[in-house]
Amino acid sequence: MIEITDLTKTFDKKYVLNGLSLSIRQGEIIAIIGRSGGGKSVLLKHIIGLLKPDSGSIFIKGHDIVKAKGKTLQHIRNMFGVLFQGGALFDSMTVFDNVAFPLKEKTKLNKNEIKERVNTALLDVGLTDVEYKYPAELSGGMKKRVALARALITEPELVLFDEPTTGLDPIMLRAIHRLIQSTHKKYNFTGIIISHEIPEIFDVADRVAMLHEGKIEIVGTPDEIKKSDDIIVRQFLSGEA
Amino acid sequence: MILDFLRILGRWAIKRLRLLGSMAIFLFSAIYYTFEPPLKYALILKQIRFFGSKSMIVVVLTGAFTGMVLALQLFYTLRKFGSDALLGPAIALSLIRELGPVLSALMVTGRAGSALTAEIGIMRISEQIDAIISMALNPFRYLIVPNLIAGIITFPLLSAIFDVIGIFGGYFVAVNLLGLSEGTYFSQIDNFVDMEDVKIGLYKSLSFGVIVSWICCFKGYNTGYGAEGVSKATTEAVVLSSVLILIWDYFIGSVLL
């Protein structure tokens with residue numbers, strides 16, 4: 001589904017991504033783990049096409065998003081749903097309008113159809129009676145749920161989660177992880193999760209890739225990662241410096 | 001030593017040129033999307049209300065006091081030449097051709113322009129703009145074009161309100177405090193102010209509308225990181241808009257005179 005090859009990105013002459021290569025399969029959930037400030041969110045922004053690399057390519061279903069422009073770029077982005085770190089909900093809109101926004105702007109569905117889809121999406125993420133609240137009135141966990149509903153409303157093929165559980169308590173963290181699993185089961189999307197949550201993320205992901213010094217240090221199933229002898233992986237999993 | 005100086009100067013010049021280039025591209029993109037349908041009419045109306053409601057009181061207040069101060073100052077100057085009957089047209093011409101467009105634009109910049117930069121800046125740092133882009137939508141259509149159109153519509157209207165209030169402020173001082181006759185004040189305005197003067201004021205406020213919405217949107221859209229970035233962008237937007245208003249005022253004034 002996604003083929004990332006030799007991706008390089010520097011900020012102020014410092015390498016954030018340094019020849020990173022990664023292959024992501026259709027329908028899987030892959031977690032990308034690594035130290036804070038290690039370039040995980042930068043990688044995600046490259047996949048969405050919000051940042052351009054210094055070199056390298058990112059093929060998404062045969063289209064290189066690095067070189068894509070105009071209609072092709074739009075076509076690639078139409079495959080995406082993105083859950084941003086802070087939710088990125090529009091402050092000036094209600095929950096209903098936030099979730100309905102992609103449908104209103106990108107489809108020709110009528111008001112009743114949109115209402116039905118939004119209600120279903122909100123039910124899928126376990127929310128009721130919040131349609132007319134504003135993001136500022138919601139808790140952190142509720143914001144993430146609304147953002148997830150918005151990311152899934154167009155039934156995208158590829159969903160990117162940028163630290164979906166950061167700042168949440170352990171109960172809410174597990175709830176969001178379960179939600180990702182259940183929605184994955186329902187919509188069968190390909191999921192990329194940027195996460196710090198070790199070991200919880202191992203229960204959600206089919207595969208885990210560890211980013212270290214701008215490259216993928218290791219990629220494998222959660223069991224393979226847990227059993228890895230790689231000293232950097234062991235240090236990261238045990239939380240040693 | 002000289003080479004180091006030239007290197008620093010070169011780096012500074014390249015940085016400034018890049019900034020100017022990106023500002024120009026930003027403006028041309030906004031103009032391009034203004035003429036490429038669909039326009040978001042609801043957002044345009046919302047932004048007209050935003051500009052108007054944020055700035056109306058301050059425009060009315062400054063308009064009234066500008067007219068009143070003009071009446072006081074011009075009355076004593078004109079009386080020295082025995083031309084105090086020309087107080088009405090002097091106030092009206094100063095306001096319509098110059099002070100109305102400039103002062104109302106400066107007031108709107110301070111009131112609504114700064115709020116606009118902060119709003120777009122917060123949308124940038126909280127990834128709301130990235131969210132729009134990731135949905136395969138164009139943020140210019142939602143954030144920039146409505147503000148550009150709203151600026152073009154509201155600035156001349158606010159300037160007109162400033163002019164009218166200013167003329168009545170001047171009337172209040174001239175007739176009630178300085179003893180000028182009511183008929184002299186208005187009849188002389190009628191004699192000396194023609195449509196050409198109104199047009200000059202209109203062209204000025206139209207171009208100020210473009211300048212303020214362009215600079216404030218640009219600074220918000222390209223804001224730095226965190227609260228500090230937004231605060232810096234807001235300050236820069238107000239300062240740059242105000243300076244450009246005055247520079248452009250002189251330039252357009254010298255061409256149109």
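Trainee: What is the strand order in the open sheet of chain A?
Mentor: The six strands of this open sheet are ordered S6-S7-S8-S3-S9-S10, with mixed pairing. Strands are DSSP runs (E, at least two residues) and helices are DSSP runs too (H or I, at least four), numbered from the N terminus. Two strands pair if DSSP finds at least two bridges between them.

Trainee: Which strands stand at the edges?
Mentor: In chain A, S6 (80-83) and S10 (215-220) do; each has a single partner strand, so one side of each is left without a neighbour in the sheet. From one strand to the next, the twist averages 20°.

Trainee: Before we go on, what kind of model is this?
Mentor: This is a predicted model, where local features need pLDDT of at least 70 and side-chain atom pairs count only at pLDDT 80 or more, while totals for chains, interfaces and linings use all residues. Residues are numbered from 1 along each chain as its sequence is written, chains are lettered from A and ligands numbered from 1 in the order in which they are written, and side-chain values use heavy atoms, leaving out hydrogens and water.

Trainee: Do S7 and S8 of chain A run parallel or antiparallel?
Mentor: S7 (residues 158-162) and S8 (residues 190-194) of chain A run parallel and are joined by five bridges. Leu158(A), for instance, has Thr190(A) in S8(A) as its bridge partner.

Trainee: And how many bridges join S1 to S2 in chain A?
Mentor: Eight bridges join S1 (residues 2-11) to S2 (residues 14-24) in chain A, and these strands run antiparallel. Thr8(A) stands opposite Asn18(A) in S2(A). The two strands form a hairpin with two residues between them, and Asp12(A) in the turn has a positive phi of about 50°.

Trainee: Turning to chain B, what is its secondary structure?
Mentor: Chain B has eight helices and zero strands. Its C-alpha atoms fill a box of roughly 65 × 55 × 30 Å, taken along the principal axes.

Trainee: How much of chain B is buried?
Mentor: Of the 257 residues in chain B, 47% are buried. Buried means under 20% relative accessible area, exposed means over 50%, and partly exposed lies in between (1.4 Å probe, protein chains only).

Trainee: Where does Leu9(B) lie?
Mentor: Leu9(B) lies in helix H1 (residues 2-34) of chain B. Leu9(B) is partly exposed, with a relative accessible area of 43%.

Notes
Axes are lines fitted to C-alpha atoms, for helices over the stretch in contact, and angles run from 0 to 180 degrees between N-to-C directions.
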